Amino acid sequence: MEVWLTTAVPLREFPMGPEPLARAEILHPPRRRSTVLALALSAALAAGALLALPPIAAVAGLPSAISLGESLRLPGAYLATAPISDLLDTLTLLTPGQHGAIFAWALAAFLAWRALRWRRGPARSWRALARETVLLALFLVAYAGFYVLGLLVPRPMAALALRDADALAVDVHSHTAASHDGRRGYDAEANRRWHAAAGFAAAYVTDHVDFSGAEAGMARNPARAGDGTVLLPGIESALPGAHVMVLGARRAMGVDHDGALDVARIDSARGLITVLAFPARLGSVPPRLALDAVEGSDGAPRGLRFTRKHVVQIRDFAAAHHLVRVAGSNNHGWGRTAAAWTVLRIPGWRAMTPDSLDAAIRTTLRRGVGARVVLRAVVAPPASNALWIATPVLVAWDMLRRLSTSERLVWLVWIWGLVGLRALWRRRAASPNASAAGPASRFPPPGRTVPLRGRWGPRRRYAAP
Ligand SMILES: [Zn+2]
C-alpha cells in the first residue's frame, strides 16, 4: 500500500480540485503503459526468434550466400548499441517509397494523438494552440534528427566476414568529395575507412568527371593488398540513358570527357571493365557499348528501389547479354550501412600489390564466373498498394526476425533497463516526505503549474487542496 502511495501514482494523477484521490484510485493505480509496451516488444522479439531469418542473402539466381560461409560480423560497439544500430541500418536500407510510407504513418499517429488530447483538454486558448504548434515542430525536428544521426554520425558498422582466406569483398562503385555529388570532407581516406569498417578488401573510386579522389586513394594504399583496404581507380561516366562505371580507368586514358563516356576508347584489349549502374530503363541501354557487368544491387536509395523492384528483369538482362552481376555501394559519404558486397575468389590476393589485385579483379569479372552478390537481407517492396499501407509493420517485423541472438539479448537489456530507469525516476520524483505524511503530501506546492493529462497534456495552475 505504502509503496503505491510513494512511487507508483504517476504525476498525471494529481487531482486538480481540493479532493484527495479516492481510496479506490490509490489502491488500483492506472496500468503502466511503459510496462505494457515493454512486454509487447519482448513478445515480438521472442516471436522473431521463433521465425528467424538470416541477416544476409544472395541476390536472386546466384548460389546461396549462407551455404558458402559468408556471415555478418557485428563489432562489440555495434552490439552494445544494438537497438540504435539496427534501427539506423534498417532506415538506411529503405527505398524512397518506404521512407515516405513510414513518415506518413508517424505523422498521422502523432497528429491523431494530439487531436485526441485536444478534444479532451478543457482549455482551447491561443496559448494551447501555440503549444501544439511547438510540439509539432519538435516532432518534425526529432524525426529529421534521427535521419541526421543515421547519415552523418560515425558509428560502428556491420561487416561481411568471409571464412575462405582466398575470398574477398569488392565494391565496384563509390565516390569521394572530388565527385560533384560527394559529401564535402568525404575524402579518399574517409572512403577507405567506410569500406574497411564494412568488410571490403577493395573498392573502386568511381567519381564523376574527376580522377583526383581515386588518385589520392591509390597513393596511400598498403604495399600488400592483405594489409588493409585498397582503393582502386575508375570513373563513372554517362551515355544517353545509362551510367557506366569503368573499372581500371585512369586520367591518362581519356575515356571520359566531362562526364560523357568515349565508347571508342573503351577497348576490351585494355582490360577495362564496364559496369552498367542501376539502369532506370534496361531497354534504353545503347547497344554500341560492350558491357561486362551490371549492378545487381546499388546502395543509393533510388538504386535500392530499382535493383529490388526489377531483380528478375536484371537477372534476365544479365543472362541475355552475358553480364556478370556485381554490387555497388554508390556511397557518396552518407550513412554507415553497406547494402551489398561483390564476393570474388582470387587465390593469393593477400600477397598481391594493389595494381596486380586490380588486374586480377578485372580478369575475374571478365571471366564472369564465381562472382557472387551478397546482400543485407531486407523485406521485399510490397507487391500491392494495399500492402504499402502496412509498410511500418512489415519493415519492423522483418528487422526483428533478422536479429542475432546476441542482438536480441541486448534489445531486452535496453528495453527492461529503460523501464527500470523510468520507475526509479518516478520514485525520485515523488515528494521525499510522501511516505511519512500520507496521501495529502503527494500534491505539488500550491501555485505550481502541473500537467492535466500526462506530461504533454494541457497544463493548469494547481490549487491547494
Ligand atoms: Zn555513382
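Visitor: Which residue just after helix 8 takes a positive phi?
Guide: This is a predicted model. Look just past the end of helix 8. The phi there is about 90°, and the residue is Gly199.

Visitor: Is Phe200 buried or exposed?
Guide: Phe200 sits in the loop between helix 8 and strand 5. A residue is buried if 20 or more other C-beta atoms lie within 10 Å of its own. Phe200 has 24 such neighbours inside 10 Å, so Phe200 counts as buried.

Visitor: What distance separates the C-alpha atoms of Phe200 and Asp171?
Guide: Along the chain, the two are 29 residues apart. Yet Phe200 touches Asp171, and its other contacts include Ala169, Val170, His195, Thr229 and Trp341. That contact list leaves out residues up to four places away in sequence. Between the C-alpha atoms of Phe200 and Asp171, the separation is 7.0 Å.

Visitor: Where on helix 8 do its buried residues fall?
Guide: Helix 8 covers residues 188–197, and its buried residues are Ala188, Asn191, Arg192, Trp194 and His195. Look down the axis of helix 8: they fall within an arc of 160°, so they line one face of the helix.

Visitor: Which elements do the buried residues of helix 8 pack against?
Guide: His195 is among those buried residues, and His195 is also touched by Phe200. The partners of the buried residues include one helix, helix 9 (212–219). The strands among them are strand 4 (167–174), strand 5 (202–205) and strand 6 (230–239).

Visitor: Which elements do the buried residues of helix 10 pack against?
Guide: Helix 10 spans residues 301–309. Its buried residues are Pro301, Gly303, Leu304, Phe306, Thr307 and Arg308. They pack against strand 11 (293–298), helix 11 (311–320) and helix 6.

Visitor: How are helix 6 and helix 14 arranged, roughly?
Guide: Helix 6 runs over residues 96–120 and helix 14 over residues 391–401, with axes 8 Å apart. Their packing angle is about 110°. Angles from 65 to 115 degrees count as roughly perpendicular. Helix 6 and helix 14 are therefore roughly perpendicular.

Visitor: How many charged residues does the contact of helix 6 with helix 14 have?
Guide: Helix 6 brings Gln98, Ala101, Ile102 and Trp105, while helix 14 brings Thr391, Pro392 and Val395. By class, five are nonpolar and two polar. The number of charged residues is none.

Visitor: How do helix 6 and helix 7 run, roughly?
Guide: Helix 7 covers residues 126–152, and its axis comes within 11 Å of that of helix 6. The crossing is right-handed, at roughly 160°. Angles over 145 degrees count as roughly antiparallel. Helix 6 and helix 7 are therefore roughly antiparallel.

Visitor: How many charged residues are in the contact of helix 6 with helix 7?
Guide: Ala106, Phe110, Arg114 and Trp118 of helix 6 meet Glu132, Leu135, Phe139 and Tyr143 of helix 7. Six of these are nonpolar and no residue is polar. The charged count is two.

Visitor: At roughly what angle do helix 5 and helix 15 cross?
Guide: Helix 5 (residues 82–92) uses Ala82, Pro83 and Asp86. Helix 15 (residues 405–429) uses Glu407, Val410, Trp411 and Trp414. The axes come within 8 Å and cross at roughly 115°.

Visitor: What share of the protein chain's residues count as buried?
Guide: The chain has 16 helices and 16 strands. Of its 465 residues, the share that count as buried is 35%.

Technical notes. Residues numbered from 1 in each chain as written. Predicted model: local features only at pLDDT ≥ 70, side-chain atom pairs only at ≥ 80, totals over all residues. Axes fitted to C-alpha atoms, helices over the stretch in contact; angles between N-to-C directions. Helix = DSSP H or I, 4+ residues; strand = E, 2+ residues; numbered from the N terminus. Parallel < 35°, antiparallel > 145°, perpendicular 65-115°, else oblique. Contact = placed C-beta atoms within 7 Å. Nonpolar A, V, L, I, M, F, W, Y, C, P; charged D, E, K, R; others polar. Left-handed = near helix turned anticlockwise from the far one by under 90°. Buried ≥ 20, exposed ≤ 12 C-beta atoms within 10 Å, placed from the backbone. Arc of directions from axis to C-beta.
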